[in-house]
Amino acid sequence: MGRYDGKMTTSLGVIQWLLAEQVRHTEQAQGRIRDDASANAVAKEQGLDLAQRIVSRAEALPDAQFIQQDFKHLRTVLVWFCVVLGMIAMVAAAGAVRVSIDQREIEILAVVASLLGLPTVLLVVWLLAILIWRRPAHSTLLTAMTRGLFHRLGPRVLSGPRPEATLAAAMGLLLSPSGRWLMGLVSHGFWLVYLSSALLILTVLLTVSQYDLGWGTTLLSDAQALRLLAMLAYLPEFFGLITTDDGTWLATGRLGVAPELVRGPWAQFLLALIVVYGILPRMLAALLSAGMAWHGFRHLLLDLREPGYLRLSGLLMEPKSASVDDDPGYEPERRSMRVASKDASGVITLALEVGSEASVSPLFGSNEAIDLGVVETRADRERAMQALSVRKQPAAYLVVQCSARRTPDRGLAESLNQLADAAGGALLIVLTDTESLGDWGVDPAARLADWSRLAEQTGGRIESLHTLREMVGLS
């Protein structure tokens, strides 16, 4: 079995997906986890596709059980967050009912507009997003609240290693299609509690107290108001919640006409409007979101195009061989030292897979070298290769910044060789973040030895920032 070809995918459980993503975020920030040889061996023995081997490797890492426990703690935080949202919805419903009722007189249209206006608009936007983009609308406010909650409570509830990677994996799940459906379910649940609480409060008030109910209008004519009320009454009557009999029932609801004759029927009409136009649509939307979230979480897939997974593909999908040292995962062939040809000129710089938390700064001014920026993804590599291929003459030096936090592996060696072959000339590797290796729990001497071996295998040499300008002859 050779390198992964991008065609095999496997559905994963939620915790498996989160664990694999946590390890990916960790390794993209600080390089391959050291002492992962046994985990790699376990993954290779599974005989499964790349996604399953990635999960098996993650589960076999020493800290896997602590990371899984952290995700369970975050799930508990999310549950309590939903409980607090439900309490807020109840308070908001009580406030909305209070401001909608004017002493002992209730205007049907005013109460319906205040209670159902915002929930209905948001529900329509949500439905339009599904019809147009085939996915639920992204609740920016709800997601921002969840992210803030996770980051605020994370240090208190997370006891496993690398909590920042754990939080990144959790937010990645919530921003996935399945996570969007889950956030939609939380949003619909909020409005369901809000509307149900308003319905309950109104029912109690109308049961224990006497109110005059009806309709009134300032801008609309009576005929226009009656047509609007007739349209609103259609669905409640269709479901058998009210009976309008003839048109005189609506006309007698004009405030000040005959309130003592219509209090009961109009109270039922008000409650029926909240049920039919508020609670019922939200309940259907919540059931749809729950079903889609449940289906999505049962069929989670890893995005194997991510650089962190691409680097593992060569290691995990190669056949097990007793004659090959599994731990380093380097190319067995060593390149001869790369030197600049006689017709070579110019300096090209780039930063290769340095991760989001590594420190990267331009090595030279814009007039001294051509900077290709950060090469992190496959698209970045294709862009860099295209830029190198259109040059008419080889470069004298290719200067590559790499973060010492990363563990050099086979994938990184292949990327260096491809870029150096396309550039021509000498390959100079500049390591950043060397002073912070101890803070990441990395043995600086062992890590620098790994990078020295990688430089030898790619035909390059490691240079410090202090000697780099003299090396390439720039002032």
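Let's begin with helix 5: how many residues has it, and how far does it reach from its first C-alpha to its last?

Modeller: Before the answer, note that this is a predicted model, where local features need pLDDT of at least 70 and side-chain atom pairs count only at pLDDT 80 or more, while totals for chains, interfaces and linings use all residues. Residues are numbered from 1 along each chain as its sequence is written, and side-chain values use heavy atoms, with hydrogens and water left out.

Helix 5 covers residues 108-133, so to speak 26 residues, and reaches 36 Å from first C-alpha to last, close to the 38 Å expected at 1.5 Å a residue. (Helices are DSSP runs of H or I with at least four residues, strands are runs of E with at least two, and both are numbered from the N terminus; the expected span is 1.5 Å times one less than the number of residues.) Helix 5 has a kink of about 45° at Leu-116, shortly before the proline Pro-119. That bend is the angle between axes fitted to the seven residues ending there and the seven starting there. Leu-116 and Pro-119 are both among the buried residues of helix 5, and so is Trp-126. Here buried means under 20% relative accessible area, exposed over 50%, and partly exposed in between, using a 1.4 Å probe and protein chains only.

Two strands pair if DSSP finds at least two bridges between them.

Take strand 3 (residues 347-352): 5 bridges join it to strand 5 (residues 397-403), and 4 bridges join it to strand 4. Val-347 stands opposite Tyr-397 in strand 5, Ala-351 stands opposite Gln-401 there, and Thr-349 has Asp-371 in strand 4 as its bridge partner.

Finally, Arg-406 sits in the loop between strand 5 and helix 14 (410-423). At 4% relative accessibility, Arg-406 counts as buried. Arg-406 and Gln-30 are 376 residues apart in sequence, yet 4.6 Å apart in space, C-alpha to C-alpha.
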